[in-house]
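Subject: Structure for your files, with notes

Hello,

Here is the structure we spoke about. My notes on what was found in it follow below.

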Amino acid sequence: MQKRIAVLVSNAGKGSNLQAIINAVEKKEISCKIAVVVSDKEDAYGLVRSKKHNIPSEVNKNKDNLVPLLKKYKVDYVILTGWKQFMTDGFIDTYKNKILNLHPGLIPDVINGVVKNPDGTIGLWNKGKFTDKALQNFFDQKTTYAGSSIHFLTHEFDFGPVLGRCFEKIKRGDTIDSLYKRLKVKENKLYVNVLKKLCQ
């Protein structure tokens, strides 16, 4: 039976991860149905994308209403793409190992572990840092690679079973914008590949 997913967006970005998932579903690269796109703000561009592709959408401003809303759509997995609303313990418990989150850093497999970059240097976890601060940290720490991880959301902040990672080499003269532009392309592909495996 085809898996049903909910994609949760916000007004923080342009919804490129959502668009990558929509494209892959329409091309039948991912065997799932996008049951609903949910935003915590009315002005999220992801809502424009969902409307263009005739995908049901909802605006959810109260975090306590999120579980009943998703239950209405009978979703199997919840995909976070820039979602900013606080996650309640009840939400995480209801969808244990069903909530996928993209983190702008390299989450280790174990809490005291490390992730190695492709050149063997230690990758940065960026625990507690959101996108811009995480990208700046790659520069501040003079690391050779930036990277992102997709993981299952857990009660442990910015940690949980890792489903995939991507790396992008930092070039001489890079800015946050130039680095993020390249990393974003890899993040889009990463989300698609992770969902392919989950929804097989």
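In these notes, contact means heavy atoms within 4.5 Å. The model is predicted: local features need pLDDT of at least 70 and side-chain atom pairs count only at pLDDT 80 or more, while totals for chains, interfaces and linings use all residues. Residues are numbered from 1 along each chain as its sequence is written, and side-chain values use heavy atoms, with hydrogens and water left out.

The cores

Leaving out residues up to four places away in sequence, Ile79 touches Ile5, Ala6, Val7, Leu8, Ile21, Leu100, Tyr191 and Leu195. A nonpolar core here is a set of buried Ala, Val, Leu, Ile, Met, Phe, Trp, Tyr and Cys residues joined through side-chain atoms within 4.5 Å. Buried means under 20% relative accessible area, exposed over 50%, and partly exposed in between, with a 1.4 Å probe and protein chains only. The largest such core has 36 residues, and Ile5, Ile34, Ile79 and Leu100 have the most contacts inside it. At least two of its residues come from each of S1 (3–9), H1 (16–26), S2 (32–39), S4 (77–81), S5 (99–103), H5 (131–140), S6 (145–152) and H6 (176–198). Helices (H or I, at least four residues) and strands (E, at least two) are DSSP runs, numbered from the N terminus. H6 gives the largest share of this core, seven residues. A second, separate core has 20 residues, including Leu8, Val36, Val38 and Val75.

Helix H6

H6 has 23 residues and spans 31 Å from its first C-alpha to its last, close to the 33 Å expected at 1.5 Å a residue; the expected span is 1.5 Å times one less than the number of residues. Its buried residues include Leu183, Lys184, Glu187, Tyr191 and Leu195.

Eight of the eight residues of S6 are buried. Tyr145, Gly147, Ser149 and His151 point one way from S6, and Ala146, Ser148, Ile150 and Phe152 point the other way. Two strands pair if DSSP finds at least two bridges between them. Ser149 stands opposite His103, and its bridge partner in S7 is Arg165.

Tyr145 has 14% relative accessibility and so counts as buried. Apart from neighbours within four places in sequence, Tyr145 is in contact with Asn117, Pro118, Asp119, Phe138, Phe167, Glu168, Lys169 and Ile170. The C-alpha atoms of Tyr145 and Glu26 are separated by 33 Å, with the two residues 119 apart along the chain.

Aromatic rings

Rings of Phe, Tyr and Trp (its six-membered ring) pair if their centres lie within 6.5 Å; planes under 30 degrees apart count as stacked, over 60 as edge-to-face and the rest as tilted. The whole structure holds two aromatic pairs by this search. Phe91 and Tyr95 form a tilted pair, 5.6 Å centre to centre with 50° between the planes, and both residues are buried. Trp125 and Phe159 have ring centres 5.9 Å apart and planes at 50°, so this pair is tilted. Trp125 lies in the loop between S5 and H5 and Phe159 in the loop between S6 and S7 (162–169), so the pair ties together parts 34 residues apart in sequence. Trp125 and Phe159 are both buried.

Regards
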